[in-house]
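Okay, thanks everyone for coming. Let me put the structure up, and then I'll walk you through a few parts of it.

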Amino acid sequence: MKTVMRWISFILFVISAVAPGQRKTENVFLITVDGLRWNEVFAGADRRLMSKDWGGVKDSVVLSAKFWRDSEKDRRLALMPFLWTTLVHEGVVYGNRTIGSKASVANAIHISYPGYAEILTGRAQPEIASNEKKQIPATTILEFLKNELHLGDKQVAAFTSWDLYPYAVSRVPGAIYCNAGYASVVDGELTARQSFLNVLQDEVPQAWRTVRFDAFTFYHGMEFIKKHKPKVFYFAFGETDDWSHDRRYDHVLEAAFRVDKYLKELWEFAASDPQYAGKTTFILSSDHGRGSSATKDWADHGAEIAGSDEIWMAVFGPDTPKEGEAANMPQAYAMNIAATMAKLLGQDFRKSEPECGAPLPKALY
Ligand SMILES: [Zn+2]
């Protein structure tokens, strides 16, 4: 009798592990961090760049106190404490090349819009070969999920630091709610916080005309999430890339540290809310890598700069094996993200977009 019971519980376990109907994910948050190198994610601050000469650092004593530690493990913990104490135990982190996990973009351009086009459409888009504002030429995963799941206009949304995104989030212009760059949030009757953030983002000094500070993207996005409870939500942070181009490594590290804080706040909100608790998967990625030489090309990226195709990604949630930091993993690509998002929500993106990448290896049970 005992043996029979064991078999029954084993069979039930197998069914619950493989049946797509048993998936727990009902909401997906996609979060991208522009051009944040995998080197910093996995090994923390780069000593070579913590100086005035190479990293443009204003106060290396203060920066070192905050982010320099003797071991790589301690350094990454100082830079992204929530990722490495909590999130890592909730899924899988791809891209640490030193232990055999390669994550890359499949496109040949290695700049931002081609990277986001690959993430959002599940394949490289040769027509998107620059950062020119041009409508994306294929159906995005955001549009696909909105249509297939019959979601309302505010159940799928994107809040982004870069102002190009309205062109990237949907093939059909305006099909996906998108607040990007310094655009004011337009959202019916605004909450007090939405009104205040609209005023504030116009009145602080701007570092870049086309990319707002991530704090505005995040707090505007959080307010929208609390107000509308979207099922598919995209946060695209941008400061890590722009501070790198500006050769301000101190600001790059601070921006990565803030993104980690935002991940914590979003994760903890999701865990406290009945719609999201235990039913939400987070997918993280960067859109390209950057160079590794300290003197010159750490600040830049592109087809001509080695390392610019190298990215990192992560999936955390109830349907993802608790692999932690991936080691000896098959090659993963940014183009695998769209099909992963679809599968988590019980859909098959490849049915409508047959050329798109398969789901990420080991992202789902
Ligand atoms: Zn970029």
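Predicted model: local features only at pLDDT ≥ 70, side-chain atom pairs only at ≥ 80, totals over all residues.

Now step back into H7 itself, residues 112-121. How many of its residues are buried? The count is 10 of 10, so to speak a helix that is mostly covered. The buried residues include Tyr113, Tyr116, Ile119 and Leu120, and also Ser112, Glu118 and Thr121. And what do the buried residues of H7 pack against? There are strands, E1 (27-33) and E7 (280-285), and there are helices, namely H8, H9 (165-168), H12 (239-245) and H14.

Two of those strands bring us to the sheet. It's an open sheet of 8 strands with mixed pairing, and the order reads E5-E4-E6-E1-E7-E8-E2-E9. Strand E5 (177-180) and strand E9 (324-325) sit at the edges, and each has a single partner strand, so one side of each has no neighbour in the sheet.

Let's look at the E5 end. E5 pairs with strand E4, residues 156-160, in the parallel sense, over 4 bridges. If you want a pair to find on the screen, take Ala157, whose bridge partner in E5 is Tyr177. Packing on the sheet here is helix H8, residues 141-148, which touches E4 and strand E6 (232-237). The direction of H8 makes about 155 degrees with that of E4.

H8 also has a helix partner, H14, residues 337-344. Their axes come within 10 Å and cross at roughly 20 degrees, and H8 and H14 are therefore roughly parallel to each other. The crossing of the two is right-handed. On the H8 side, the contact is made by Ile141, Phe144 and Leu145, and on the H14 side by Ala338, Met341 and Ala342. By class, that contact has 6 nonpolar residues, no polar ones and no charged ones.

Last stop, another helix pair: H10 (residues 192-203) and H11 (residues 214-228). These pack at an angle of about 165 degrees with their axes 10 Å apart, which means H10 is roughly antiparallel to H11. This crossing is left-handed. Who makes the contact here? From H10 we have Arg193, Gln194, Leu197 and Gln201, and from H11 we have Phe216, Tyr219, His220 and Glu223. By class, that gives 3 nonpolar, 3 polar and 2 charged residues.

Note on methods:
Residues numbered from 1 in each chain as written. Pairing = 2+ DSSP bridges. Contact = placed C-beta atoms within 7 Å. Axes fitted to C-alpha atoms, helices over the stretch in contact; angles between N-to-C directions. Parallel < 35°, antiparallel > 145°, perpendicular 65-115°, else oblique. Left-handed = near helix turned anticlockwise from the far one by under 90°. Nonpolar A, V, L, I, M, F, W, Y, C, P; charged D, E, K, R; others polar. Buried ≥ 20, exposed ≤ 12 C-beta atoms within 10 Å, placed from the backbone.
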